[in-house]
Amino acid sequence: FSTKHTLPFTRVKSIADLDLVIKNANGKAVMLDFYADWCTSCKEREKLTFSDVKVKAALANTILLQADVTENNDNDQTLLKRFGLFGPPGIIFFDNTGAEIKTRVIGYKNVDDFTAILNQIKLGN
């Protein structure tokens with residue numbers, strides 16, 4: 001299945017990668033998506049939610065990062081542990097100061113539910 005219509009994520013492989021991007025975000029909010037090839041909910045979210053124009057519009061001024069934890073290696077485990085996640089799917093948000101926003105998205109959310117969450121946390125757009 002094609003992901004060409006989904007969001008333009010930048011992959012992060014480690015906590016060091018993540019911290020560097022957040023530090024250099026220049027006042028932009030950051031969304032970190034935990035993804036794995038074997039995660040059915042991740043694929044649903046990519047195909048159904050992340051491809052929607054409302055979602056793309058709500059995230060237009062947000063830096064989009066994705067941690068692919070398919071291999072479940074040491075870096076993947078360390079990233080998951082940092083946020084207390086057992087595995088994907090999970091989305092963590094950081095505000096325009098780099099602080100984690102308390103609202104997290106765990107599991108699949110449809111377009112309306114996900115857009116409502118994005119509007120609620122306002123991501124500095």
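Helices (H or I, at least four residues) and strands (E, at least two) are DSSP runs, numbered from the N terminus. The model described here is a predicted one, in which local features need pLDDT of at least 70 and side-chain atom pairs count only at pLDDT 80 or more, while totals for chains, interfaces and linings use all residues. Residues are numbered from 1 along each chain as its sequence is written, and side-chain values use heavy atoms, with hydrogens and water left out.

Five helices and five strands make up its secondary structure, and along the sequence they follow the pattern β-α-β-α-α-β-α-β-β-α. The radius of gyration is 13 Å, close to the 14 Å that the globule rule gives for 125 residues, so the chain is as compact as a globular protein of that length. Here the radius is taken over C-alpha atoms, and the rule is 2.2 Å times the number of residues to the power 0.38. Along the principal axes, the C-alpha atoms fill a box of roughly 35 × 35 × 25 Å.

Of the 125 residues, 45% are buried; buried means under 20% relative accessible area, exposed over 50%, and partly exposed in between (1.4 Å probe, protein chains only).

An α-helix has 3.6 residues a turn, so residues three or four places apart point the same way.

Found in the loop between strand S1 (10–11) and H1, Ser14 is buried, with a relative accessible area of 15%. Leaving aside residues up to four places away in sequence, Ser14 touches Asn75 and Leu79.

Another buried site is Cys42, in helix H2 (residues 40–49), with a relative accessibility of 2%. Not counting residues up to four places away in sequence, Cys42 touches Phe34, Tyr35, Ala36, Pro88 and Pro89. Cys42 and Pro88 are 46 residues apart along the chain, yet their C-alpha atoms are separated by 7.2 Å. Pro88 and Pro89 are themselves joined by a cis peptide bond, with omega about 0°. Pro89 sits in the loop between H4 and strand S4 (90–94).

Two asparagines complete the picture. Asn26, in the loop between H1 and S2, has phi near 50°, a positive value in a residue other than glycine, and counts as exposed at 73% relative accessibility. For Asn72, phi is near 55°, again a positive value in a residue other than glycine. Asn72 is partly exposed, with a relative accessible area of 43%.

Key: Contact = heavy atoms within 4.5 Å.
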